[in-house]
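My entries follow the order in which I looked things up.

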Amino acid sequence: FIRDAFISDLNKNVLLLKFSQKNRDAESKIINDYLEKLNYNIIELPNRKNMFAEGGEFYYCPKDKVLFSGIKRNSIAGAEEVASFLNVNELILIKTNAFHLDTVFTTIMDHSGKLCAVILCRDLISKNSFDLLNKFSELNNIKIINIPPIDSIGINNKIGSLAVNNFSAPGLLISSSKFSEPSVAKYLNTKEIKIETSPVSQFQLSGGSIHCLTNEL
């Protein structure tokens, strides 16, 4: 899973993140060596108490200068440091009990790269976070598409498809599964946004999917 160890400003600068679970620190070293060979400018998240962040908790919208951040495996201080590194105008914190934000939420960008919608599982996001997202969407004309838990991590003993854990790019979504919620495909068709599916069943056994397996440089 290459997503969690770093985040890029898409301009040759990379911020190495710090895991809340220390047994994953070796991943950062591997990624650091790889990025050095590609001649990226590498900055490290400051080594301060209660400052940690993981890439699966973030969705960065560069054209809108907006950063969505989960706060399950991010500390607020870590999320704020990443927002500062990316020089965003707005940081939106979302609380969920799910492993990472990317298991319950994703962005949709139109062909110009502008954020036009978000897909989320309202059942798995706190009420205060949903209210914040709803206010943001109304102010910025962003559509909210609600999906059932089966398109996310599932609920009770029923495992979800993790369709929401996808790679989001201008005019494109790449997912491991089709959404069961018909409003997703209907909205994507109206915006002429293409959705591709690529099954990654073996990786899903470890709790991750397409978003976890990709990262933007």
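I searched the whole structure for aromatic pairs and found three; rings of Phe, Tyr and Trp (its six-membered ring) pair if their centres lie within 6.5 Å, and planes under 30 degrees apart count as stacked, over 60 as edge-to-face and the rest as tilted. I noted that Phe68 and Phe105 make a tilted pair, with 5.1 Å centre to centre and 50° between the planes. Phe68 lies in strand E5 and Phe105 in strand E7 (residues 105-109), so this pair ties together parts that are 37 residues apart in sequence; helices (H or I, at least four residues) and strands (E, at least two) are DSSP runs, numbered from the N terminus.

This is a predicted model, in which local features need pLDDT of at least 70 and side-chain atom pairs count only at pLDDT 80 or more, while totals for chains, interfaces and linings use all residues. Residues are numbered from 1 along each chain as its sequence is written, and side-chain values use heavy atoms, with hydrogens and water left out.

Next I looked up Phe68 and Phe136, whose ring centres are 5.8 Å apart with planes at 90°, so the pair is edge-to-face. I also wrote down that Tyr59, Phe68, Phe105 and Phe136 form one aromatic cluster.

Turning to the strands, I saw that E4 and strand E5 (residues 66-70) pair in the antiparallel sense over four bridges, where pairing needs at least two bridges found by DSSP. Cys61 has Val66 in E5 as its bridge partner.
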